[in-house]
Amino acid sequence: MLIMLYLVVAGYLLSSSVLFIFPSLLHKPKDIKFKSRFMAHRGGGGEKTENTLVAFRAAKKLGVDLFELDVQLTKDGEVVVCHDDSLARVCGIQDCISNCDFCDLPLCLKEIEVACEPGDFHKAEKQEPLLRLEELYNEFPNVPMQIDVKPGGYELISKVSDLTKKYDREEITVWGAFSHKTTLQCREFNPRMLTFCSMKECSLYPILILFGILPWLKIDADFYQVPIPVISCKSGFLSEMNKTVIKMINPLMCNRLLLWHLHRRGIRTGAWVMNHNHEFEVADSYGFSGIMTDYPSRFVAYEKQRLLALN
């Protein structure tokens, strides 16, 4: 009986190892049609007013591969590009996007704290208006985008999906949420659009890889993106409890073998939000395929130096 158990365990470990190295034996690799090395977080909120047209235009000029953005739903059903439902941080108004019609939304403040760089403020020359997702799609029809769907239920998910279909960009649009429930709703509502991992999935995959289970499982997500210590320790939007949890599980989430296996399956990986050269270097040392930043021009300078060093 003991010998049989040993044989079963050995067989499981051997087959898991084979699938870890050659996942295409069981799973069809993802076929993502665009690059995602260089990602602008909220359009590059450290250099231009976050999530506004001026930010995305500047990022495009710098050669960004992918725009990262957030969406909220107004009272009259418009999909607005903004991280917070509350207008306090971005516009200085004690009200919420969900309580306002689009035409009544105020302009953004000239000075806004960079969310992932506490104490660092972007100072704009003038106040910028909030942006509708349709305006962004219309101006940049061929630029890949990653949309973080904020709480808004099926109405917000439906409207984002409808706009994405309207502009024929399902293959170059990634969506999802920190919330696992919302991410599952996105996948169910429009399977043709790409998705990124929910925080639950980001936390689960590293554990599953340790026990040899992940190579056997179908992975629905197309992007695996996580924070690493240099950001989790300083982010203003993370609670102390979340920072502690991330520090504890970070060695698992940034496991080089996990990233290697995901790449073998065609799944893109990304580190967020990296804003300084030493942070870019740490992300590259782990083996992430992409880096998300609030400061696109800093990444451009870093990438030039990195490529020169390779040559």
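Residues are numbered from 1 along each chain as its sequence is written. Because the model is predicted, local features need pLDDT of at least 70 and side-chain atom pairs count only at pLDDT 80 or more, while totals for chains, interfaces and linings use all residues; side-chain values use heavy atoms, with hydrogens and water left out.

Let's begin with two helices (helices are DSSP runs of H or I with at least four residues, strands are runs of E with at least two, and both are numbered from the N terminus). The axes of α1 (residues 2-21) and α10 (residues 256-264) come within 8 Å and cross at roughly 65 degrees. Here axes are lines fitted to C-alpha atoms, for helices over the stretch in contact, and angles run from 0 to 180 degrees between N-to-C directions. The two helices are therefore roughly perpendicular to each other (the label covers 65 to 115 degrees; under 35 is roughly parallel, over 145 roughly antiparallel, and the rest oblique). On the α1 side, Leu 19, Phe 20 and Ile 21 meet Leu 257, Trp 260, His 261 and Arg 264 of α10, where contact means heavy atoms within 4.5 Å. By class, this contact has five nonpolar, one polar and one charged residues (Ala, Val, Leu, Ile, Met, Phe, Trp, Tyr, Cys and Pro count as nonpolar, Asp, Glu, Lys and Arg as charged, and the others, Gly among them, as polar).

Charged side chains also pair up: the model has 21 salt bridges, each a side-chain nitrogen of Lys or Arg within 4 Å of a carboxyl oxygen of Asp or Glu. One of them joins Glu 139 and Arg 57 at 2.7 Å, N to O. Glu 139 lies in α4 (residues 133-139) and Arg 57 in α2 (residues 53-61), so the pair ties together parts 82 residues apart in sequence.

Two backbone details deserve a look. The peptide bond from Trp 272 to Val 273 is cis, with omega near -15 degrees, and Val 273 sits in the loop between β11 (268-271) and α11 (277-286). Arg 42, in the loop between β1 (38-41) and α2, has a positive phi near 55 degrees.
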